[in-house]
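Thanks for coming, everyone. Let me put the structure up, and then we'll walk through it.

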Amino acid sequence: MFGTASWKMIRIRGIDLKIHISLLILLAYTTFIAILQLPLAAQSAGVDPYALTLGRLSWGILFSLAILISVALHEFGHALTAQSLGIEVKGITLMMLGGISEMNSIPENRYSEFKLAIIGPVVSLGIAALMYLLNRSAESPDLILFGHWLGYTNLALAIFNLLPAFPLDGGRALRSVLAARVGTLRATRTAVNISRIFAWVLGLFGAFTFNFLLILIAFFIYSAAQAELSMLISRGLLGNIRVGDLGVRLTPVHESQSIEEAASEMMRVKSPVLPVSTSNGSPALIFLDSIKMIPKDSRDRTYIRDVRITASRSVEITELLKDVIPDLATAPLGVLPMMEGSRLIGLLRSSDLAQFIQLKSLEATDSGKRAA
Ligand SMILES: [Zn+2]
């Protein structure tokens with residue numbers, strides 16, 4: 001939803017930890033709230049606010065960092081469990097609602113999916129328990145407050161993530177339990193419907209109480225639930241179809257050719273985008289819109305290399321279509337260069353994919369009717 005607005009922080013056991021812009025917004029918010037609510041939190045922890053060593057601002061920053069680390073541990077719980085189940089994890093993006101682990105596949109085994117979902121809240125509960133012990137055993141008012149505050153926050157994090165709504169852990173756990181009875185697709189539909197109801201309730205509550213953060217979370221849950229369903233349906237429909245079966249084969253233009261030549265090639269093959277081969281070997285693309293920006297009378301003196309766009313990723317014709325959907329969805333203008341080995345041979349376009357999925361779903365409903 002927010003594209004790729006995230007920054008890489010560290011790498012642990014081959015897993016990149018990235019921070020998403022939405023989390024930075026949340027951290028700024030929690031720092032602010034922590035500063036405001038410090039006396040209240042101290043009071044509820046049974047600590048005299050004037051006995052604290054750290055000042056308000058330090059508490060705000062410390063508390064926000066502690067939340068960041070808590071969320072990271074929660075996410076690493078998911079990622080390391082996934083690794084132990086034999087699922088490759090490329091990275092973790094910490095977001096407002098916990099995180100998103102980039103995994104190459106979803107566990108097929110229902111018990112595995114349940115385990116994978118539930119481990120996050122278990123980690124958060126574990127931190128809450130540790131903080132409870134700290135709170136009970138510490139002498140210093142600062143440590144007592146820290147244990148109390150972070151303990152309750154992790155408890156809240158665990159409970160929130162256990163809500164049965166996508167993309168929260170509770171939603172995934174619910175899906176895996178339902179899937180054991182009615183199959184993955186029906187289970188996902190049900191779980192998504194429950195998520196939508198949750199999103200509406202949360203959003204309306206947020207609107208009535210003027211809680212901007214709740215409205216944002218509701219919106220996030222709603223769209224993530226929708227995306228989960230479309231992704232699953234698409235994956236199911238695409239089966240074992242490969243990139244080469246849907247990609248269009250187009251002879252690439254070279255970046256040293258003129259814009260004029262690119263324009264006439266576009267006309268010839270009737271495609272508003274062309275694959276571009278470059279001198280350094282990395283595949284690129286040229287779009288009709290970039291050509292339009294060059295005045296007509298200078299198109300023979302301007303070169304493709306001046307306006308081409310380097311592709312973030314290319315697809316290989318042997319790759320499974322369902323595995324490249326996320327990359328295709330986030331690619332500039334929904335197009336990726338298609339390779340055969342090291343040779344650039346064409347394009348994979350999201351518009352073709354969308355059309356193809358619609359045709360496949362038509363086929364699926366037809367055969368469903370016949371079977372009924
Ligand atoms: Zn989680």
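Start with helix α2, residues 56-84, and helix α4, residues 141-161: they pack at an angle of about 40°, and their axes are 11 Å apart. The axes are lines fitted to C-alpha atoms, for helices over the stretch in contact, and angles run from 0 to 180 degrees between N-to-C directions. Helices (H or I, at least four residues) and strands (E, at least two) are DSSP runs, numbered from the N terminus. So α2 and α4 are oblique to each other. On the cut-offs: under 35 degrees is roughly parallel, over 145 roughly antiparallel, 65 to 115 roughly perpendicular, and the rest oblique. The crossing of α2 and α4 is right-handed. A crossing is right-handed if the near helix is turned clockwise from the far one by less than a right angle, and left-handed if anticlockwise.

Two notes on the model. It is predicted: local features need pLDDT of at least 70, side-chain atom pairs count only at pLDDT 80 or more, and totals for chains, interfaces and linings use all residues. Residues are numbered from 1 along each chain as its sequence is written.

Now the overall picture. The chain has 13 helices and twelve strands. Its C-alpha atoms fill a box of roughly 80 × 60 × 45 Å, taken along the principal axes. Of its 372 residues, 35% count as buried. Buried is 20 or more other C-beta atoms within 10 Å of the residue's own, exposed is 12 or fewer, and partly exposed is in between, with C-beta atoms placed from the backbone.

Domains next. The chain divides into domain 1 (1-162), domain 2 (163-238) and domain 3 (243-357). Those bounds come from an automatic or database domain assignment. The centres of domain 1 and domain 3, taken over C-alpha atoms, are 42 Å apart.

What about the largest nonpolar core? It holds 57 residues, and L145, A165, F166, A191, A199, I221 and A225 touch the most other members. The largest share of this core, nine residues, comes from helix α3, residues 110-137. Domain 1 and domain 2 each give this core at least three residues. Such a core is a set of buried Ala, Val, Leu, Ile, Met, Phe, Trp, Tyr and Cys residues joined through C-beta atoms within 7 Å.

Another helix pair. Helix α6, residues 184-208, packs on helix α7, residues 212-238, at about 165°, with axes 7 Å apart. That makes α6 roughly antiparallel to α7. Their crossing is left-handed. In this contact sit 17 nonpolar, five polar and three charged residues. Nonpolar here is Ala, Val, Leu, Ile, Met, Phe, Trp, Tyr, Cys and Pro; charged is Asp, Glu, Lys and Arg; the others, Gly among them, are polar.

Look at the loop between α6 and α7, where F210 sits. Phi of F210 is near 55°, positive in a residue other than glycine. Is F210 buried or exposed? Exposed, with 8 other C-beta atoms within 10 Å.

K270 lies in the loop between α9 (259-269) and β7 (273-277). Phi of K270 is also near 55°, a positive value in a residue other than glycine. K270 is exposed, with 6 other C-beta atoms within 10 Å.

Last stop: D352, in helix α13, residues 350-371. D352 counts as partly exposed, with 16 C-beta neighbours inside 10 Å. How far apart are D352 and D297? They are 55 residues apart in sequence and 33 Å apart in space, C-alpha to C-alpha.
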